[in-house]
Amino acid sequence: MTKGHRYIMGIDEVGRGALAGPLVLAGIMARRPFRYKKSALGLLKDSKKLAPKRREAWFRYLTKYPEIRMAPTWVYPRVIDRINITQAGNLAALRLAKKLIPKNRRSFIYLDGGLQLPKSFPHRTVIKGDEKIKIVAASSIIAKVSRDRAMIRLHKKDPRYHFDIHKGY
């Protein structure tokens, strides 16, 4: 499927079922083959399968990793309410693809879950992609930590709802 593509990209989302806060997607673009090994951090896994401290450690490592490009993007509730959660996720995935794919570079994108892109982008949606594909797992970590930090900031503005501990997933 990725034959002939020099770069791969993974996109994952966090916050789809949450009652508050933004939907956060993250994308990571890397040259093929994509391999991450960091024995001090353990295995690179889906963010849901990592303890918060381990997620933070992976986040710090990934954001300093020189051979990848990455970005998170947010979709706020007012947009989700206007266009629906599915379209909001797909819009954010499109933003990430346009932002991270270098011009004139052959790239293939793996999307987690129900995310979709226009046919003009070579891509594949993989159910549980964050468990099966390492670059999607790495994207899930960036998305989850970014959203958690946003929810902690939201808690500081209005502590009534305890978003520091009720972040949602």
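This is a predicted model: local features need pLDDT of at least 70, side-chain atom pairs count only at pLDDT 80 or more; totals for chains, interfaces and linings use all residues.
Reader: Happy to start! How many salt bridges does a search of the whole structure find?

Author: The search finds 8 salt bridges. The general idea is that side chains of opposite charge can pair when their charged atoms come close.

Reader: Which residue forms a salt bridge with K48?

Author: That is D130, and the closest N and O atoms of the two are 2.9 Å apart. The pair links distant parts of the chain, 82 residues apart: K48 is in the loop between β2 and α1, while D130 is in helix α4. D46 also joins in, as D46, K48 and D130 are linked in a network of salt bridges.

Reader: Is D130 buried or exposed?

Author: D130 has a relative accessible area of 4%, so it counts as buried, the cut-off being under 20%. K48, at 46%, is partly exposed.

Reader: Where does D148 lie, and what does it contact?

Author: D148 lies in helix α5, residues 134-157. Leaving aside neighbours within four places in sequence, D148 is in contact with R55 and K167. With R55, the side chain of D148 meets in a salt bridge of 3.9 Å, N to O. This pair also links distant parts of the chain, with R55 in helix α1 and D148 in helix α5, 93 residues apart. R55 is buried at 8% relative accessibility, and D148 is buried at 9%.

Reader: Which residues form a positive surface patch?

Author: Good one to look for! The patch is formed by R6, R31, R69, K99 and R105. You will find R6 in the segment before β1.

Key
Residues are numbered from 1 along each chain as its sequence is written. Side-chain values use heavy atoms; hydrogens and water are left out. Helices (H or I, at least four residues) and strands (E, at least two) are DSSP runs, numbered from the N terminus. Contact means heavy atoms within 4.5 Å. Patches are made of residues with over 30% relative accessible area and no salt bridge: like charges are joined within 9 Å, nonpolar side chains (Val, Leu, Ile, Met, Phe, Trp, Tyr) within 5 Å. Accessible areas come from the Shrake-Rupley method with a 1.4 Å probe; for residues, only the protein chains shown count as cover. A salt bridge is a side-chain nitrogen of Lys or Arg within 4 Å of a carboxyl oxygen of Asp or Glu. Lys and Arg count as positive and Asp and Glu as negative; His and the chain ends are not counted. The place of a charge is taken as NZ of Lys, CZ of Arg, CG of Asp or CD of Glu. Buried means under 20% relative accessible area, exposed over 50%, partly exposed in between (1.4 Å probe, protein chains only).
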